[in-house]
Amino acid sequence: MKLIPTFIDGNFHGHDTIKEIISLRDEGYEIACTRQKDQQADHMVYCHYDLTEDGEIRTVWLYTGMAMTDEEFDRIANMKHAYIGAIHKLK
C-alpha cells in the first residue's frame, strides 16, 4: 500500500493512502463549494497534486478553498507535473 505525503491548508497531515486522500479531497471540495458561493471568486482551488515524470502522485496538497483571480490561476494552471483541482466561476 503506497503512502503519500499529504498537506491540508499548508500543514503536514501525514502519509495517507489514495483512499484516505480521496475522502479528504472530497471534504475539502464541499467546503470550497460553500466558500465559492459566498465569495464568488474567479477560481477556488481545493487541491493540487505534485506528479512524477510518469504521472504518479508524489505529494498531495488539499485546501478548504483558496480563492484566486484569473491572473493568479493562470500562473498555476499549466504547471508541469501537477494536477490542479478547482471550482470555476461561470462568466
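The paragraphs below describe the fold of the chain, its salt bridges and its cysteines.

The structure is a predicted model, in which local features need pLDDT of at least 70 and side-chain atom pairs count only at pLDDT 80 or more, while totals for chains, interfaces and linings use all residues. Residues are numbered from 1 along each chain as its sequence is written, and side-chain values use heavy atoms, with hydrogens and water left out.

The overall fold comes first. The protein chain contains two helices and five strands, where helices (H or I, at least four residues) and strands (E, at least two) are DSSP runs numbered from the N terminus. Read from the N terminus, the order of elements is β-β-α-β-β-α-β. The C-alpha trace spans about 40 × 25 × 20 Å along its principal axes.

Of the 91 residues, 40% are buried, a label for a relative accessible area under 20%, with exposed meaning over 50% and partly exposed in between (1.4 Å probe, protein chains only). Contacts (heavy atoms within 4.5 Å) between residues at least 6 apart in sequence were also examined, and 56% of them join residues at least 24 apart.

Next come the charged pairs. The whole structure holds two salt bridges, each defined as a side-chain nitrogen of Lys or Arg within 4 Å of a carboxyl oxygen of Asp or Glu. In one of them, Lys2 pairs with Glu56, with 3.5 Å between the closest N and O atoms. Lys2 sits in the segment before strand S1 (4–8) and Glu56 in the loop between strand S3 (43–51) and strand S4 (57–68), so this pair ties together parts that are 54 residues apart in sequence. Both partners are partly exposed, Lys2 at 45% relative accessible area and Glu56 at 47%. Another salt bridge links Asp26 and Arg25, whose closest N and O atoms are 3.2 Å apart. Here, too, Asp26 is partly exposed at 37%, as is Arg25 at 23%.

Finally, the cysteines. A disulfide requires a pair of cysteine sulfur atoms within 2.5 Å, and the count is zero. The sulfur of Cys33 has its closest cysteine sulfur in Cys47, 12 Å away, which is too far for a bond. Both residues are buried, Cys33 at 18% relative accessibility and Cys47 at 0%.
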